[in-house]
Amino acid sequence: MRTAEERREMRTKELVIMALFVGIGAALHTLIPGIGAGGMKPDFSLLMMFLAIILFPDKKNVILLGLATGIISGLTTGVPGGFFPNIIDKFISAFAFYGLFLLVKKNRSIISNAVLTAIGTIISGTIFLASAFLIIGLDGAFMLMFTSIVLPTALLNTIAIIIVYPIVAKIMERSKMTFA
């Protein structure tokens with residue numbers, strides 16, 4: 001049984017790690033060049049958000065991660081007018097991913113994390129494109145953008161989670177950070 005002080009310390013460590021993930025995601029989101037129509041870019045900040053949800057699955061964390069990732073992605077987007085679509089997308093996607101994560105929590109593996117990341121990325125891309133079309137009238141055909149940006153990003157995020165998750169999990173284990 002942990003004392004109140006130990007719980008606060010653990011919560012502080014979780015918040016710091018989640019902030020680092022959001023920051024790494026922001027750096028990747030900023031550095032990756034835009035592709036396709038409107039300068040859209042693969043969204044690796046999404047990958048970091050999913051990784052943080054896997055490691056720290058809690059509703060409060062999901063709210064923080066969804067909002068922080070959405071705002072920072074919105075500020076670094078290459079899509080003119082993409083600020084609000086990013087906030088909408090990340091917030092909804094964070095909870096969709098969290099819900100799916102809870103469904104498979106007992107049977108979790110690197111494969112389930114990869115599948116969840118692929119599905120989460122597709123959900124995110126669909127929400128972003130739909131909200132961008134509605135809010136800013138995004139140029140281009142939805143299916144063209146979906147197939148040329150969302151699906152390749154889902155593949156890249158899936159490969160990345162397969163590589164990154166075991167490394168981060170091992171670091172967390174060695175540093176005595178507990179997670180689900």
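In the predicted model, E14 is buried, since its relative accessible area is 15% (buried means under 20%, exposed over 50% and partly exposed in between, with a 1.4 Å probe and protein chains only). E14 belongs to helix α1, residues 4–31; helices are DSSP runs of H or I with at least four residues, numbered from the N terminus. Leaving aside residues up to four places away in sequence, E14 touches F56, N61 and M177, contact being heavy atoms within 4.5 Å. Residues are numbered from 1 along each chain as its sequence is written. Local features need pLDDT of at least 70 and side-chain atom pairs count only at pLDDT 80 or more, while totals for chains, interfaces and linings use all residues; side-chain values use heavy atoms, without hydrogens and water.

Five aromatic pairs are counted, where rings of Phe, Tyr and Trp (its six-membered ring) pair if their centres lie within 6.5 Å, and planes under 30 degrees apart count as stacked, over 60 as edge-to-face and the rest as tilted. F83 and F84 form an edge-to-face pair, 5.1 Å centre to centre with 80° between the planes. F83 is partly exposed at 27%, whereas F84 is exposed at 53%. F142 and F146 are stacked, at 6.3 Å and 10°. These two residues are about one helical turn apart because four residues separate them in helix α6, residues 142–174. F142 is partly exposed at 29%, and F146 is buried at 14%. Together with F133, F142 and F146 form one aromatic cluster.
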